[in-house]
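Dear colleague,

I am passing on the structure we spoke about, together with notes on what turned up when I went through it. Please read the notes with the coordinates open beside you.

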Amino acid sequence: MERVAIIGSSMTQFGQREGWIRDLLAEAGTACLSDAGVEPGDLKHLYVSNMASGEFEGQGGIMNALAHDLGALPAYTERIDQTSSSGGAGIYAAWRSIASGASELTMLVGGEKMTHRSTAEATDVIASITHPCEYKHGVTLPSFAGMTARHYLERFDAPRESLAKVAVKNHENGVDNPHAQFRKEVDLETVLESPIVADPLRLYDFCPITDGSAALMFCPESVAQEYTDEYAVVAGVAGATDTHVVHERPDPTVMGGVVESGEAAYEMSGYGPGEIDVAELHDMFTILEFLQMEGLGFAEQGEAWKRVEAGETDRDGELPINTSGGLKSKGHPLGASGVAQGVEIYEQLVGEAGPRQVDAEVGLCCNVGGFGNCVITTIMEAAA
């Protein structure tokens, strides 16, 4: 099976953007083609990760529209929808297209346009992915996060401040990301005194509603050097699911999809948790950073908060997490988020992360859909 290389990337400004989903996808796609030195007509496959362009804009068929807008005809196109893990699923699909030999050059573009809708409308679109029996009772993803955070803090005797420190850390990292929605540091007091959203979680424990797009270019490693000497290789990628009804899980602090996808990605790559140099985790809510750290083996159950408290996940720590600012600071345009995680790991491995640069040869990103209903974990390594 052919090893799969990533040879280019791009990311639009995240935040409140003018234009529509097609404009954002075309902006990121054009920039990625330029970064990789690829002509649009050379693309064999073009994938678009997107969760809800129909619900947000009434716009369907965006993958075919993008091929037209980029001049990429007659490339095969496909839209990848796996809720908020659509970006990670797109990486998996792009990897399969190259590894199987079906394509020699595949571009993945993820994007979402959300901010033109009210917070209530956007939240309702997102809540539609919950089980109908939960949705009809008004359950939303923030409410799941609040209940899980309360249980975690009490069960593992973790201080409330440890969750706030996740927000402080990720906002500090976001200051150095020119594409981040919020490039502003926040202190512990500001986080702890912000308005309550879902007790014990407050405003700064949640990611924002965001517009944006990001892209990655894939090809066989055997031809990567025809485009660049600096590239990354997808060493492992895997996906898994967990129960749709969250209360059916035996332990609410364990996301089975994170555990299963992580174990499969580790086995495929040959790396273990101790060999990961940098990670991007799906911090849609601060509590999710703890749960993913533990599910991926970066900490024992109930111990992740101690690593955060010790500063081990800071940019200059033993395991930098969310050097991009994470969803918390960078923003969370649903279909783009997993792709943007991949962009950050790619840039760290090829030495293009600028002031966010850390010393890394192996990186991991974990993209979570729903409240852990589906998860994609990807491990990349720098080219030897």
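Which strands does helix 3 lie across, and at about what angle does it run to strand 2? Helix 3 (residues 62-70) lies across strand 2, strand 3 and strand 4 (106-112), and runs at about 125° to strand 2. Helices (H or I, at least four residues) and strands (E, at least two) are DSSP runs numbered from the N terminus, while axes are lines fitted to C-alpha atoms, for helices over the stretch in contact, with angles running from 0 to 180 degrees between N-to-C directions; contact means heavy atoms within 4.5 Å.

Please bear in mind that this is a predicted model, in which local features need pLDDT of at least 70 and side-chain atom pairs count only at pLDDT 80 or more, whereas totals for chains, interfaces and linings use all residues. Residues are numbered from 1 along each chain as its sequence is written, and side-chain values use heavy atoms, with hydrogens and water left out.

The sheet is an open one of 9 strands with mixed pairing, in the order 3-2-4-7-1-8-11-10-9, where two strands pair if DSSP finds at least two bridges between them. Strand 3 (76-80) and strand 9 (278-280) are the edge strands, each pairing on one side only, and the twist from one strand to the next averages 25°. Strand 2 (residues 45-49) pairs with strand 3 in the parallel sense over 5 bridges, and His45 has Tyr76 in strand 3 as its bridge partner.

In the loop between helix 3 and strand 3 is Pro74, which is joined to Leu73 by a cis peptide bond with omega of about 10°. In the loop between strand 3 and helix 4 is Thr83, a residue other than glycine with a positive phi, near 50°. A cis peptide bond also joins Asp199 and Pro200, again with omega of about 10°, and Pro200 lies in the loop between strand 5 (196-198) and strand 6 (201-202). For context, most residues other than glycine have a negative phi, and most peptide bonds are trans.

Turning to helix packing, the axes of helix 4 (residues 86-99) and helix 15 (residues 334-349) come within 5 Å and cross at roughly 60°. The two helices are therefore oblique to each other, on a scale where angles under 35 degrees count as roughly parallel, over 145 as roughly antiparallel, 65 to 115 as roughly perpendicular and the rest as oblique. Helix 4 makes the contact through Ser86, Gly87, Gly88 and Ile91, and helix 15 through Gly335, Gly338, Val339 and Gly342. By class, this contact has 2 nonpolar, 6 polar and no charged residues, with Ala, Val, Leu, Ile, Met, Phe, Trp, Tyr, Cys and Pro counted as nonpolar, Asp, Glu, Lys and Arg as charged, and the others, Gly among them, as polar.

The axes of helix 8 (residues 160-174) and helix 12 (residues 286-295) come within 8 Å and cross at roughly 100°, and these helices are therefore roughly perpendicular to each other. Ser162, Leu163, Val166, Ala167, Lys169 and Asn170 in helix 8 meet Thr286, Ile287, Glu289 and Phe290 in helix 12, and the residues of this contact divide into 5 nonpolar, 3 polar and 2 charged.
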